[in-house]
Amino acid sequence: MEHIKGIKGITLLVAISGGLFASAAYADGGYVGYAVNHGAKPVVTSRGICVRGGRPVTDGPVPAYCAPAPVAVAAAPTPPPAPVPAPIAPVEQTILVSKPITITGINFKFDSYKLLDHDIRVLDEVASFAKNHPEAVLDVNGYCSKVGTYAYNLKLSKLRAQSVAQYLAHHGVASDRMVLKGHSYDNPVATNATPQGRFLNQRVEINSSIKVQKTVR
């Protein structure tokens, strides 16, 4: 009995000395090496350090509640977004391009290459155009209606082109700036079945081109 009383006295003395259970503590059936109290809570010093319980900590893993709290690492400041480069304005340049010119309205009576009053008014405008554009070359093309043979009308169409060229030459257009050609009754612009249609086909057309400025990117 005295032996039993002695054991009880020792147990009571341990409890009174701090209510600590200093024998080896267990968690999940494994030795963890830290002291816990009767409530299975870790014994922590006034400095917040867990108390080891009888055997080295290497005998078991460190309990989660005794592991040092992770040190918060300040997140690196987010760099400001890179400035958006200003859009590059497209480079513009001015170039010279060819602009085609077709002059019509020079017509003749049947089987004739004599200029009419209306023809002269148009040719005066052509002469002015040639003066304003000294680099322009004039293609003078004569045509006929489809009456008679192709050969006869070819000759007549050339005479009509020559008649126009002679008038322009007398009004300041150099002969070497004009290219003459007869087309007989090819390339009609109207029907040959009516007098009005044949009159439209009995004509001279002047084709040319001028250089104009164009802005491109």
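This is a predicted model: local features need pLDDT of at least 70, side-chain atom pairs count only at pLDDT 80 or more; totals for chains, interfaces and linings use all residues.
β5 and β8 run antiparallel and are joined by 13 bridges. They belong to an open sheet of four strands with mixed pairing, and reading across gives the order β5-β8-β6-β7. Since β5 and β7 stand at the edges and each has a single partner strand, one side of each is left without a neighbour in the sheet. From one strand to the next, the twist averages 20 degrees.

| Strand | Residues |
|---|---|
| β5 | 93–107 |
| β6 | 138–142 |
| β7 | 178–182 |
| β8 | 203–216 |

**Helices on the sheet**

Helix α2, residues 117–132, lies across β5, β6 and β8, and runs at about 160 degrees to β5. Helix α3, residues 150–170, also packs on the sheet; α3 touches β5, β6, β7 and β8, and its direction makes about 160 degrees with that of β7.

**A closer look at α2**

With 16 residues, α2 reaches 23 Å from its first C-alpha to its last, close to the 22 Å expected at 1.5 Å a residue. Which of its residues are buried? They are Asp119, Val122, Leu123, Val126, Ala127, Phe129 and Ala130. These residues cover an arc of only 160 degrees around the axis, so they sit on the same side of α2.

What do the buried residues of α2 pack against? Their partners are β5, β6, α3 and β8. On the face turned away from that buried side, α2 carries the exposed residues Asp117, Arg121, Glu125, Lys131 and Asn132.

**Ser145 in its loop**

Now follow the chain to the loop between β6 and α3, where Ser145 lies. Is Ser145 buried or exposed? Its relative accessible area is 2%, under the 20% cut-off, so Ser145 counts as buried.

The side chain of Ser145 makes a polar contact with the side chain of Gln202, at 2.7 Å. Leaving aside neighbours within four places in sequence, the residues in contact with Ser145 are Phe110, Asn153, Tyr185, Asn192, Arg198, Asn201 and Gln202. Among them, Asn153 falls within the range of α3, residues 150–170.

Notes. Residues are numbered from 1 along each chain as its sequence is written. Side-chain values use heavy atoms; hydrogens and water are left out. Two strands pair if DSSP finds at least two bridges between them. Helices (H or I, at least four residues) and strands (E, at least two) are DSSP runs, numbered from the N terminus. Axes are lines fitted to C-alpha atoms, for helices over the stretch in contact, and angles run from 0 to 180 degrees between N-to-C directions. Contact means heavy atoms within 4.5 Å. The expected span of a helix is 1.5 Å times one less than its number of residues. Buried means under 20% relative accessible area, exposed over 50%, partly exposed in between (1.4 Å probe, protein chains only). The arc is that of the directions from the helix axis to the C-beta atoms. A polar contact is a pair of N or O atoms within 3.5 Å; within protein, one must be able to donate a hydrogen and the other to accept it, and residues adjacent in sequence count only if both atoms are side-chain atoms.
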